[in-house]
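Please look over the sequence and the structure shown here before reading on. The explanation that accompanies them is meant for a reader who is new to this structure.

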Amino acid sequence: MAVLECMHLTKRYGNLAALDNIDLSLEPGRIVGLVGPNGSGKTTLIKLAQHLLTPTGGEVLIDGMKPGPETKAVVSYLPDRDFLPSWMNVESLLYFYEDFYKDFDMDKAVQMLQALNIEPRRPFKSLSKGTKEKVQLIMTMSRSAKVYLLDEPIAGVDPAARDYILRTIIGNYSENALVLISTHLIADVEPVLDEVVFLKQGHIELHENTDALRERTGMSVDNYFREVYRC
Amino acid sequence: MKWTFENGIPIYLQILGRLRTEIASGAYSPGAKLPAVRELALEAGVNPNTMQRAFAELERDGLVYTQRTSGRFVTEDAEVLKNLRRTLSEDVIEEMCTRLMRLGMSREEILSAVKDWAAEASGQTKNS
């Protein structure tokens, strides 16, 4: 059964349809790439699923429920920008997460932070951009959620940090969870994806198993993306 | 060794190819235990489901077997391993010959070139 389902989902900003009547059904146990150029609706879709936006039409269901407090308890969300209180230090962030989420695994988070030699007393705002992104991801992946919504988890970090982040994702997601990763850095995430969803101007252009796509087109998903979205 | 993947070929097939070679070469010796799916997926930087699919193919071909509680092991069946080596080497030979013929070499020329190469290579090993 689908753990994330969109039915006729539509979001308009004035006259502009950011998402136009999309139907999408994603199963648990899969890592899915949500790709598309800037402005194709990736973040809008994730924000609708996380109840940060309300749909203009249609609906999105998480584990059969409309987005709200019950779904936030089972969804681990990584926004596409710094979202943690910058005055906190890393240690207080851990307690913050423990208080907020029943499914937060403190030991796991501490272990990952130690492996990166991140000093727990350091204020979050004093960390470099790459380290901030790693800390945010560690917090997100230390929850045993049913759905992980990761909005651009590897944008703006160096290739070694990207590798670290991708390995942290595949090493830590709960096996029966859905991981939805939005990105335009397809080449980097391609090997970790089961499926890929191409968004184009608010429509779903394609939803396919990545290995099936490589076999069918004789191209990498990245090369195929460049064909579909050629400017 | 680092894992790299080519464009346009399903990743599970590329993993499968590499694991077959490692079994044929004895890098994973007969009866050896294979790493867990998640562990190897992490090492290769691929999706665990993709790794699982490659393992399932190896199992279907009889190259590995699963012991319910203790994990996956390389087959100890010498016949199966011999067949694997033959299939893999035939693939390499076919690819090499196709490329040489594209360069305009005949079968006889390829054969004598391979003999010359082998003679030279064995001479070098003796000298070194």
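This is a predicted model: local features need pLDDT of at least 70, side-chain atom pairs count only at pLDDT 80 or more; totals for chains, interfaces and linings use all residues.

Residues are numbered from 1 along each chain as its sequence is written, chains are lettered from A and ligands numbered from 1 in the order in which they are written, and side-chain values use heavy atoms, with hydrogens and water left out.

Chain B consists of domain 1 (11-76) and domain 2 (79-127), with bounds that come from an automatic or database domain assignment. Between the C-alpha centres of these two domains of chain B the distance is 28 Å. Contact (heavy atoms within 4.5 Å) joins 9 residues of domain 1 of chain B to 5 residues of domain 2 of chain B.

In chain A, L45(A) is in contact with C6(A), L9(A), L19(A), I22(A), L24(A) and L34(A), its neighbours within four places in sequence being left aside. A nonpolar core is a set of buried Ala, Val, Leu, Ile, Met, Phe, Trp, Tyr and Cys residues joined through side-chain atoms within 4.5 Å; buried means under 20% relative accessible area, exposed over 50%, and partly exposed in between (1.4 Å probe, protein chains only). The largest such core has 26 residues, and those with the most contacts inside it are L4(A), C6(A), L9(A), L45(A), L149(A) and L180(A). A second, separate core of 23 residues includes W3(B), V46(B), L58(B) and V74(B).
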